[in-house]
Amino acid sequence: MTDNTDNLPQEIIPIFSGGGTRLPAHIGILAALKDLGIGFKHLVGVSGGSIVTALYSTGMSLSEIHQLALETNFRQFRGFSLIRLLRDGGLSSGDKFEHWMDRKLSGKTFEQLEIDLHIVATDVNGGGPVIFNRVTSPTMRVSQAVRFSMSIPLLFSFKSYKEHLLVDGAILSEDALFRDWAGDGTPSVCFRLKSNNEYKPLVKRSWVPLTQYILLLIRTFMTALSREYVNASYWHSTVVINTGALSAVDFDMTAAQKDTLYALGYDTAKAILPTKISPLLKSQR
């Protein structure tokens, strides 16, 4: 019998997990999906991945999102308030980022989006996922959900929502992300960004040593999180992009580094995704 897998509708549900400031890699992945002719009606965004998926879901083109990433100084969203850390659990409130995000999204709510967007945050009160989309939160501004999802512990203040205490969605286990998002069995593919540990000589700062220690701790935690092994049950549905020494909290990233991340996302997805998607599509016949 002739294998007609290549003639099957090429549709998946992309899950963009984690990333932080490495979000240009997610833009490259979206570009690869377009060039491969792989379509989607749903997008899942987690942490840094929620930023890119939210922008794309409002109708912004990939070239516009790429240019926005290149031009945006990530440092503007970072704070250093130890008082806020003690009071609200983070060096930065995250309010400036949320307002910036809301402007870029034109204040849109989930029910106004062109694509079914699902944004995932973590409830540290119960340890499980909290999902925002046009079913669970139709009138919520998407920028608020993005703010919930990218609340890197200690870096950004935690946020309460109803009975939940929300932080970064990237700290969830994989089984929280792999579900029937569309309700029709459309296969999901999770794109994960992986960083490598890099030793850097410790430069003593003139400002409070505690702040420097906390920033190093956050970087180590997020790097370790990105290097967590992929469960064998999900390996066939996971594409890992190695971003080298660039971590989720590199707020001083240059335009050249952002372009490198874009290329890594594009090249990896373009090379690996066809081998991953073929068995998934076969299983849907």
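**Reading loops, a helix pair and cores**

Tutor: Start in the loop between β2 (42–46) and α2 (48–57): Ser47 lies there. Helices (H or I, at least four residues) and strands (E, at least two) are DSSP runs, numbered from the N terminus. This is a predicted model: local features need pLDDT of at least 70, side-chain atom pairs count only at pLDDT 80 or more, and totals for chains, interfaces and linings use all residues. Residues are numbered from 1 along each chain as its sequence is written, and side-chain values use heavy atoms, with hydrogens and water left out.

Student: What is phi of Ser47 near?

Tutor: Near 55°, a positive value in a residue other than glycine.

Student: Is Ser47 buried or exposed?

Tutor: Buried means under 20% relative accessible area, exposed over 50%, partly exposed in between (1.4 Å probe, protein chains only). Ser47 has 2% relative accessibility, so Ser47 counts as buried.

Student: And where is Ser106?

Tutor: In the loop between α5 and β4 (116–123). Phi of Ser106 is near 55°, again positive in a residue other than glycine. But Ser106 is exposed, at a relative accessible area of 61%.

Student: What does Ser50 touch?

Tutor: Contact means heavy atoms within 4.5 Å. Ser50 is found in helix α2 and is buried, with a relative accessible area of 0%. Not counting residues up to four places away in sequence, Ser50 touches Gly45, Ile119, Val146 and Ser149.

Student: At what angle do α5 and α6 pack?

Tutor: Axes are lines fitted to C-alpha atoms, for helices over the stretch in contact; angles run from 0 to 180 degrees between N-to-C directions. Helix α5 (residues 95–104) and helix α6 (residues 142–149) pack at about 140°, axes 8 Å apart.

Student: Which residues of α5 and α6 meet?

Tutor: From α5, Asp95, Phe97, Glu98, Met101 and Asp102; from α6, Ser143, Gln144, Val146 and Arg147.

Student: How do I read a nonpolar core, and which residues have the most contacts inside the largest one?

Tutor: A nonpolar core is a set of buried Ala, Val, Leu, Ile, Met, Phe, Trp, Tyr and Cys residues joined through side-chain atoms within 4.5 Å. The largest here has 59 residues; Leu33, Met101, Phe110, Phe132, Val142, Val146 and Phe191 have the most contacts inside it. Helix α1 (residues 24–36) supplies the largest share of this core, 7 residues. Another core, of 11 residues, lies apart from it, with Val44, Val120, Leu177 and Tyr234 among them.

Student: What is Phe191 in contact with?

Tutor: Leave aside neighbours within four places in sequence. Then the partners of Phe191 include Pro14, Phe16, His26, Leu33, Val239 and Leu273.
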